[in-house]
Amino acid sequence: MNNTVLPYGVSDIKPIKEIEHCCPIIGCDTAIAVYPSRANPHNNESNYCVKHRIYCRKNTYIFKEKTDNLITDINLFKDIFGRQDSEKYDTGRIGYENSEDALSWNVFVTLQKAGELKAIPSLISGKPCEEEPELILWGYSLSDGSLVKELKCFRDKFEYSIQVKTEPDIILKTANEVFLIEAKFCSPNSRKDISVWRDKEIDGRTKKEYDSYKIRYKGLIGDVLNKGIIEGQDKFCSQLVRYALYAHNAYPSKNCYIVNLLPKKHKELDSIEGQFKPYLKKDTFKVITWEDIYGKLSDSKSKPGIVTLKRYLQRKTANFEKAFIIPIFAP
Ligand SMILES: [Zn+2]
C-alpha cells in the first residue's frame, strides 16, 4: 500500500453480523480459525488474511505492515519514530484499526502539509489565527524530528525515574499561544486511582515516592491545580493533569490551552468538561471533536492531501463501524 491508497473504510467492510470467524473485507472468504483474546494477543497465520494483509480480531483488525494505516508521509513517520532512540512510548499499535495515533498523524500531518493547521487554534480559542503553528507530535518537532527541549527538561526534572513519562499527543505552538491536545478515538481518557495521587503517609501503603503525583510534581501543583477537588474523587484524570502541569512548567509566558479531542460518539463528550475543568485554577480547558476539525477543512480541490483526508474521515471505521458523524460524498 502506498501514500495514495487509503486504509480500509466503511464501504470495504462487511456488515458486522457477517463477520464471524472470517476476514472482514467484502468479497473475502478467508476463514479465521481463532480470534486471539486480550490475554493472548497472538498475531499469526491462524488469524491472518494474506490477501488483505491484516490480522483479524473480534470486532477489529490490525495491519501487518503498521504504516499501511497511515495516509501521508510514511517515511517521515519511520524516520522520526522508527529510530532506535525514539522516546515515543508506544508505536506498536499504529497499525490498529482503532489507533488514535494513526488518526492523529493522518489528520495533523496532512493539515501541516496543506498549510491549514492554523484552522485548529481558532477552532479551540474562538479567535482568528493568522500564523501557521508549529506541529509537535508525541513530543517530537515535525520540522527537525527531535524531541522538544521543554519536554526533555520536564521529564528530566520531574519524571526521571518513571517509565511512562508525560507525552502530549499533539502540541500546536504559535508566537503567543500553546495548545496541548489529548487525542482520543475509541478509548476513554486515562484515569488513575486517587492513591496514586496521595503521598505514602496519607495512603498508608508502601509506595515509592516517585509513584505519588503529590510528591513528584510538588512545586507545580499549587500553581496549577485545585488540589481539594482532585482529592475528593476516587479516580482522577491523570493524563490531563500531567498536560496541565507540563504546560505551566514549559510555557510560562504563553497562553496555554489544554484540549481534549474526541469523536462525537465518545462516551465522555458531554461529561469531561464538567469533570476536568474544576481541577484547573485557570480556565484553559476546551473540548473539540474530530468532526469539528473535518468541518474546518477547506473545499479547495487544489490541495490533494485535504481531498484525501476528507475521504479518509468520511470512510473511517472503528470496530468495523463508521467512526464519525460525517456524510459520505462520492469521490
Ligand atoms: Zn481478506
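This is a predicted model: local features need pLDDT of at least 70, side-chain atom pairs count only at pLDDT 80 or more; totals for chains, interfaces and linings use all residues.
Ile136 has Ile171 of strand β6 as its bridge partner. Residues are numbered from 1 along each chain as its sequence is written. Strands are DSSP runs (E, at least two residues), numbered from the N terminus, and two of them pair if DSSP finds at least two bridges between them.

Strand β4 (residues 134-137) lies antiparallel to β6 (residues 170-173), with four bridges between them. In β6 both faces are covered: Ile170 and Leu172 on one side, Ile171 and Lys173 on the other, are all buried. Here a residue counts as buried if 20 or more other C-beta atoms, placed from the backbone, lie within 10 Å of its own.

Strand β7 (residues 177-183) pairs with β10 in the parallel sense, over seven bridges, and Leu180 has Ile258 of β10 as its bridge partner. How much of β10 is buried? Seven of the eight residues in this strand (residues 255-262) are, so it is largely enclosed by the rest of the structure. On to β11 (residues 285-289), which runs parallel to β10 over five bridges; there Phe285 faces Ile258.

Put together, the strands form an open sheet of six in the order β5-β4-β6-β7-β10-β11, with mixed pairing. At the edges are β5 (140-141) and β11, each pairing on one side only.

Several residues we have met also belong to a core. A nonpolar core is a set of buried Ala, Val, Leu, Ile, Met, Phe, Trp, Tyr and Cys residues joined through C-beta atoms within 7 Å. The largest one has 66 residues, and Phe179, Leu180, Ala244, Ala247 and Ile258 have the most contacts inside it. Apart from it lies another core of ten residues, including Tyr55, Cys56, Phe63 and Tyr96.

Finally, look around Leu180. Beyond its neighbours within four places in sequence, Leu180 is in contact (C-beta atoms, placed from the backbone, within 7 Å) with Pro168, Ile171, Tyr243, Ala247, Cys256, Ile258 and Val259.

Conventions: A residue is buried if 20 or more other C-beta atoms lie within 10 Å of its own, exposed if 12 or fewer, and partly exposed in between; C-beta atoms are placed from the backbone. Two residues are in contact if their C-beta atoms, placed from the backbone, lie within 7 Å.
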